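Hello,

Here is the structure I promised to pass on to you. Please have it open while you read the notes below.

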Amino acid sequence: MSKHIERLRDEHKDFDLNALDESFANDPFKAFQEWFDEACSSKEAEPNAFSLCSANAENNQPSSRIVYLKELRSKEFVFYTNYQSEKSDDINGNPRVSMLFFWPGLQRQIRIQGIVTKISPEESDRYFNSRPRSSQLGAWASDQSRPLKSRETLEQKIADLEKRFPENIDRPEFWGGYGVAPFKFEFWQGRPSRLHDRIVFEKEENLWASHRINP
Ligand SMILES: Cc1cc2nc3c(=O)[nH]c(=O)nc-3n(C[C@H](O)[C@H](O)[C@H](O)COP(=O)(O)O)c2cc1C
C-alpha cells in the first residue's frame with residue numbers, strides 16, 4: 001500500500017469553519033448562489049468544476065466526470081460538451097443526472113439531482129462564438145469518448161481544420177450546452193466530530209420544501 005494512503009487513513013480531520021441551519025434559505029438556487037459566490041471569492045482552485053454523474057439506460061451503469069458550470073440560470077445549471085460523447089449517450093437514454101460540487105477550503109459539498117435537456121442551438125451558438133479559436137477548433141477536432149489511433153492523428157486533424165476554417169468557425173452540430181433542472185439539492189457543511197449539517201431541498205409541486213437530515 002502507498003505510504004500516503006496509510007498516512008491519510010490515520011489522519012483525523014475535523015471540520016470547524018462554518019455551520020448551517022434551517023434558516024439558511026427557502027430557495028435552494030439562492031442558497032447555491034450564496035455558497036458559489038463564497039467559493040469564488042475564497043481560494044477554491046476550480047469553484048465551477050463539478051462532478052456530473054450520468055447512468056446508462058441499458059445496464060444502469062453510473063459514470064462520473066468533471067465538467068465546468070458555465071451558466072446559472074433561474075432554474076437551470078448549464079454546461080457544454082460533445083453531444084456524441086459517452087455522457088451524451090447516457091443522457092439520451094436517461095435524462096436523470098446528479099451534480100456534485102466540493103469546495104474543500106470551505107468544508108462544503110452540494111449535491112444536486114435533476115433532469116437534463118439540451119439548451120437551444122442559438123444559446124449554444126452564442127457561447128461557442130465567445131470561445132477562443134483554439135477551443136472552437138478543439139470542439140471540432142475531438143470525437144469525444146471514441147477511440148483515437150494516436151496523438152498525431154488528433155494534431156493532424158487540428159492542422160486540417162485550421163485550413164478548413166481560415167476565418168470564422170461555426171459551432172459543430174455535435175457540440176453544445178445542456179441545462180440541468182434540479183428537483184433535489186443537499187447542502188453539506190462539515191462540522192466537528194462528524195456531526196455535519198445537512199439540509200435537503202426537494203421540489204414538491206413547484207414549491208421547495210427543506211428539512212435537515214442526519215450526518
Ligand atoms: C477541471 C475539468 C473541467 C472539465 N470541463 C469539461 C467541460 O466543461 N465539458 C466537457 O465536455 N468535458 C470537460 N472535462 C473533461 C471531462 O471530465 C471528460 O473527460 C469528458 O467530458 C468526456 O467524458 P465522457 O467520455 O464521460 O463523455 C473537464 C475535465 C476537468 C478535469
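A helix crossing is called left-handed if the near helix is turned anticlockwise from the far one by less than a right angle, and right-handed if clockwise. By that convention, H5 and H6 make a right-handed crossing.

A word on the source: this is a predicted model, in which local features need pLDDT of at least 70 and side-chain atom pairs count only at pLDDT 80 or more, while totals for chains, interfaces and linings use all residues. Residues are numbered from 1 along each chain as its sequence is written, and side-chain values use heavy atoms, with hydrogens and water left out.

Back to the helix pair. The axes of H5 (residues 133–141) and H6 (residues 151–164) come within 9 Å and cross at roughly 115°; axes are lines fitted to C-alpha atoms, for helices over the stretch in contact, and angles run from 0 to 180 degrees between N-to-C directions. Among the H5 residues in contact (heavy atoms within 4.5 Å) with H6 are Leu 137 and Trp 140, and H6 brings residues including Leu 154 and Ile 158.

Residues around it (a heavy atom within 4 Å) include Glu 46, Arg 65, Tyr 80 and Gln 144. Strand S2 (62–68), strand S4 (77–82) and helix H3 (86–93) each give two or more residues to this shell, and S2 gives the most, with 4 residues.

Which side chain has a polar atom 2.6 Å from a ligand oxygen? That is Lys 87, in a polar contact (a pair of N or O atoms within 3.5 Å).

Best wishes

Technical notes: A polar contact is a pair of N or O atoms within 3.5 Å; within protein, one must be able to donate a hydrogen and the other to accept it, and residues adjacent in sequence count only if both atoms are side-chain atoms.
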